[in-house]
Amino acid sequence: MTHHFGADFKPIDILLIEDNPADVRLTLEAFKEGKVNNTLHVVGNGEDAIAFLKQEGKFNNAPRPDLILLDLNLPKKDGREVLEEIKNEPLLKRIPVIILTTSKAEEDILKTYNLHANCYINKPVDVNEFILIAKSIENYWLTIVKLPST
Amino acid sequence: MKSNDKTKQIIEIRNTKINILLAEDNQGDIRLTQENFKESHLETYLYAAHDGEESLPFLKRQNSYRNKSTTDLDLSKKDSCDVLKNIQTDPTPMQIPEIILTTSKANEDISQVYNPYANCYITKPVGFKEFVNAVQYIVNFWLKVAELNPPH
C-alpha cells in the first residue's frame with residue numbers, strides 16, 4: 001500500500017511499519033495535512049519491513065526511505081528485531097527510526113534507545129491526541145531536523 | 001518521620017527533573033537556549049559546557065552518579081563528534097538522546113553525525129526569531145512528545 005501526496009519536486013519518503021489499520025489511517029491523515037510534501041509507504045509486519053528496506057521480492061522497486069516510523073509489537077518479526085537489523089546494517093543505519101508504540105514499559109524505552117532508536121514516542125489511545133502527536137512528528141522531523149541524504 | 005518524608009520528596013523531585021547538557025561555545029546562543037527552556041515551565045536543568053572537552057568530565061561524573069542524576073538530553077555542536085563517539089562507546093547502561101545543533105548545512109557533516117548514532121541533526125538558523133523558534137520546537141518535541149529514558 002503506497003500513498004502519494006502533494007506535488008512538490010522531491011517528496012520525502014517515509015516508511016510506516018504498523019499492523020493496526022486504524023493507526024495507519026490516522027497517521028496518513030495527519031501526514032497528508034503536513035507542510036512538507038511526503039510519500040508514506042506502509043508495511044504491516046516486520047518481515048515486509050526488512051524486505052522493503054533491502055528492496056527484496058515484491059519490494060524490489062521500493063525507494064530508500066528518509067525516515068522510518070516503527071511500531072514495536074508486530075507480527076512475523078518483532079519491532080525490536082527490525083530496529084536492531086536496521087541499526088546494524090551499514091547501508092541503513094543512518095535512517096532515523098522513530099518508535100511509535102502503545103508500550104509505556106521503561107525497559108522498552110531503555111532497550112530501544114540502546115539499540116540506537118532516534119526517538120521513542122508513546123502512541124496515545126485518544127484519536128485527537130494521536131493526530132496531534134503525528135503532526136508534531138511531521139513538524140519536527142520534516143521541517144526542523146535535517147535528514148541524512150539518501 | 002516528617003523529615004524522612006521530606007528527604008524522599010526531594011529525591012523524587014530530583015529524579016523527575018530532566019537534565020540537559022548544552023555543549024555550545026556561543027554565549028548568546030547559550031543564553032537564548034536557557035531562556036527558552038525556562039519559559040517552557042518544565043522541570044529541567046540545563047548545564048552549559050563551552051566545548052566537547054568540557055562536557056566529557058560532566059558526562060563521566062553523571063555516569064558515576066547515575067543513581068542520583070542523569071543526562072537526559074544532549075544538545076551539541078557538530079565538532080563534538082568525538083564527544084559523541086566517547087559517549088556511545090562508554091559501556092554505560094543507557095544511551096542519551098543527542099541533538100546536534102549547528103550552523104553547518106554541509107551534507108557530509110549531516111551524514112557523519114548520523115553515522116555515530118546522533119539522534120537528530122538541526123541546522124541552527126541565523127536569524128534571532130528563527131533560532132528561538134527552533135529551540136522551542138526542540139523543547140516541545142523532546143520534552144512533551146518524546147519519551148526520554150526513565151529516571152534512575
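These legends walk through several close-up views of a predicted model.

**View 1. Where chain B meets chain A.**
Start with the meeting place of the two chains, to which chain B brings 29 residues and chain A brings 29 residues. Together, chain B and chain A bury about 2,600 Å², and 62% of that is on carbon and sulfur atoms. If you go looking for salt bridges across this interface, the rule finds zero. What the rule does find there is seven residue pairs in polar contact, with both residues at pLDDT 80 or more.

**View 2. The chain B side of the contact.**
Which parts of chain B supply at least two residues each to the side that touches chain A? They are α5 (107-114), β5 (120-123), α6 (128-145) and β6 (146-147) of chain B. The top giver is α6(B), with five residues. Sorted by class, the side of chain B that touches chain A has 19 nonpolar, nine polar and one charged residues.

To find your way around, look for A:I121, which sits opposite B:A146 of β6(B).

A:L147 lies in the segment after α5 (127-144) of chain A. Is A:L147 buried or exposed? Its relative accessibility is 17%, and the cut-off for buried is under 20%, so A:L147 counts as buried. Setting aside neighbours within four places in sequence, A:L147 touches residues of its own chain, among them A:I12, A:D66, A:L67, A:P96 and A:W141. From chain B, it is in contact with B:I110 and B:Y114. For a sense of scale, A:L147 and A:N45 are 102 residues apart in sequence, and their C-alpha atoms are 25 Å apart in space.

**View 3. Helix α2 of chain A, tucked in.**
This helix covers residues 46-53 of chain A, and six of its eight residues are buried, so the rest of the structure largely encloses it.

**View 4. Two residues with positive phi.**
A:Q55 sits in the loop between α2 and β4 of chain A, and it counts as partly exposed because its relative accessibility is 40%. The other residue in this view is A:K76, which is not a glycine either but has a positive phi of about 70°. You'll find A:K76 in the loop between β4 and α3 of chain A. At 65% relative accessibility, A:K76 counts as exposed.

**View 5. Strand β2 of chain A, covered on both sides.**
How many of the six residues of β2(A) are buried? Six of the six are, so this strand too is largely enclosed by the rest of the structure. A:I12, A:I14 and A:L16 point one way, while A:D13, A:L15 and A:I17 point the other way, and all are buried. β2(A) runs parallel to β3(A), and six bridges join the pair. One spot to look for is A:I14, which stands opposite A:L40 in β3(A).

β5(B) pairs with β4 of chain B (residues 98-102) in the parallel sense, over four bridges. Within that pairing, B:I100 has B:Y121 as its bridge partner. Now look for B:I20, in strand β1 (residues 18-23) of chain B. B:I20 is buried, and its relative accessible area is 0%. B:I20 and B:E35 are 15 residues apart in sequence and 14 Å apart in space, C-alpha to C-alpha.

Notes
Residues numbered from 1 in each chain as written. Chains lettered and ligands numbered in written order. Predicted model: local features only at pLDDT ≥ 70, side-chain atom pairs only at ≥ 80, totals over all residues. Heavy atoms only, no water. Contact = heavy atoms within 4.5 Å. Buried area = accessible area lost by both parts, 1.4 Å probe. Salt bridge = Lys/Arg side-chain N within 4 Å of Asp/Glu carboxyl O. Polar contact = N/O pair within 3.5 Å; in protein donor to acceptor, adjacent residues only side chain to side chain. Nonpolar A, V, L, I, M, F, W, Y, C, P; charged D, E, K, R; others polar. Pairing = 2+ DSSP bridges. Buried < 20%, exposed > 50% of the residue type's maximum accessible area, 1.4 Å probe, protein only.
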